[in-house]
Amino acid sequence: MADKQISLPAKLINGGIAGLIGVTCVFPIDLAKTRLQNQQNGMRLYTSMSDCLIKTIRSEGYFGMYRGAAVNLTLVTPEKAIKLAANDFFRHHLSKDGKLTLFKEMLAGCGAGTCQVIVTTPMEMLKIQLQDAGRIAAQRKLMPETVAAGTVEKSPTAMQLTRQLLNEKGIAGLYKGLSATLLRDVPFSIIYFPLFANLNQLGKRGAEGPAPFYVSFLAGCAAGSTAAVAVNPVDVIKTRLQSLTRGSTEDTYTGVGDCISKIMRNEGPTAFLKGAYCRALVIAPLFGIAQVIYFLGVGEYILSFLPKKDK
């Protein structure tokens, strides 16, 4: 990886554009993942990803698959920008003192994952409420006995949710599930970035030449799906902790430990793999696209039109 020179603004632009394009492409699958992960035993409205998407279109229309997309698209730009740019930043500085070892690559990934959680947690909190609202609405129609009396019928907007959380719990309300988000995103970055770098290295043209764009895309897909499946159990925990609206017979959780014990006791260990297939399908193209944007140097191209400052 060329660590000789790094343009942080260009990396931020690359990450932001990659996030916008990627999320637009895969958001319906992410919605299916959230709803599948939130289902508890005896509350199975959806049997699979395709079943979830079909029922969502039938009950909520095509744009129902993009419920919560506005929040995600607004905040994924800085989130992806921070994550990808931070990894490059840490790799650049860690390689100054010599060869970039696997440990240093993992350390850079750890730093990138920690930085992005600042943006990720509120985004995920709001996105999950909006994505899961349709599941509760569908349960009210098809399985009315599973929905608690007095549950709000109209789906809230992102602004309504934000105001509610800030009024009731302050800024901490937007960071509900922070520990689970850290447990998911830091290990993800530790796995993803070194794996991508080494897979991409295998496709390079010569010692110094860059890998072709399709190699970067495939390396991003492979590394992304591997890391996504590896941390899926924590993603299930995070989704459950951040969901505010539940059916009348669904468990509530006080923290990570309580969530793990109740899932193990009531649903068994396989529940931690819920949505793993969907998550892999979301993350693989998302990071594949991100690496192609980096390869093309879109951020560098945009900045080249700005007037240069005279030294």
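**View 1. Ser189 in helix α6 of the predicted model.** In this predicted model, Ser189 has a relative accessible area of 0% and is therefore buried. Ser189 has its place in helix α6, a helix that is made up of residues 178–202. When neighbours within four places in sequence are left aside, the residues in contact with Ser189 are Lys83, Gly109, Gly113, Gln116 and Pro194.

**View 2. Pro194, a second residue of helix α6.** Pro194 also lies in α6, and because its relative accessibility is 4%, below the 20% limit, Pro194 counts as buried. Apart from neighbours within four places in sequence, Pro194 is in contact with Leu102, Glu105 and Met106, and with Ser189 as well. Between Pro194 and Thr101 there are 93 residues of separation in sequence, while in space their C-alpha atoms are 9.5 Å apart.

**View 3. Gly224 in helix α7.** Gly224 is a residue of helix α7, and with a relative accessibility of 0% this glycine counts as buried. If residues up to four places away in sequence are not counted, Gly224 touches Phe188, Tyr192 and Ile283. Ala280 stands 56 residues from Gly224 along the chain, yet the C-alpha atoms of the two are separated by 7.3 Å.

**View 4. The packing of helix α7 with helix α10.** Helix α7, which covers residues 213–230, packs with helix α10, which covers residues 276–296, at an angle of about 145°, and the two axes are 7 Å apart. The crossing in which α7 passes α10 is right-handed. On the side of α7, the residues that meet α10 are Phe213, Ser216, Phe217, Gly220, Cys221, Gly224, Ser225, Ala228 and Val229. On the side of α10, the residues that meet α7 include Ala276, Arg279, Ala280, Ile283, Ala284, Phe287, Ile289, Val292 and Phe295. Sorted by kind, the residues of this contact comprise 14 nonpolar, six polar and one charged.

View 5. Gly275 is found in the loop between α9, residues 256–266, and α10. At 11% relative accessibility, which is under 20%, Gly275 counts as buried. Not counting residues up to four places away in sequence, Gly275 touches Lys33, Gln37 and Asn232. Ser48 is 227 residues from Gly275 in sequence, whereas the distance from C-alpha to C-alpha is 8.9 Å.

**View 6. Lys33 in helix α1.** Lys33 has its place in helix α1, which consists of residues 8–38. Although lysine is counted among the charged residues, Lys33 has a relative accessibility of 2% and so counts as buried. Its contacts, leaving aside neighbours within four places in sequence, are with Asp235, Thr239, Gly275, Cys278 and Arg279.

**View 7. The crossing of helix α1 with helix α8.** The axes of α1 and of helix α8, residues 232–242, come within 9 Å and cross at roughly 80°. The two helices, α1 and α8, are therefore roughly perpendicular to each other. Lys33, Thr34, Gln37 and Asn38 make the contact from α1, and Asn232, Asp235, Val236, Thr239 and Arg240 make it from α8. The residues of this contact divide into one nonpolar, five polar and three charged. Helix α8 is mostly covered, since nine of its eleven residues are buried, and among these buried residues are Asn232, Asp235, Lys238, Arg240 and Gln242.

View 8. Over residues 12–29 the chain is 100% helix and 0% strand, with 26 Å between the end C-alpha atoms. The span of residues 280–303 is 96% helix and 0% strand, and its end C-alpha atoms lie 33 Å apart.

**View 9. The protein as a whole, as a setting for the close-ups.** The protein has eleven helices and zero strands. Of its 311 residues, buried residues make up 51%. Among the contacts with a separation of 6 or more, 81% are accounted for by residues 24 or more positions apart.

Conventions
Residues numbered from 1 in each chain as written. Predicted model: local features only at pLDDT ≥ 70, side-chain atom pairs only at ≥ 80, totals over all residues. Heavy atoms only, no water. Buried < 20%, exposed > 50% of the residue type's maximum accessible area, 1.4 Å probe, protein only. Contact = heavy atoms within 4.5 Å. Axes fitted to C-alpha atoms, helices over the stretch in contact; angles between N-to-C directions. Parallel < 35°, antiparallel > 145°, perpendicular 65-115°, else oblique. Left-handed = near helix turned anticlockwise from the far one by under 90°.
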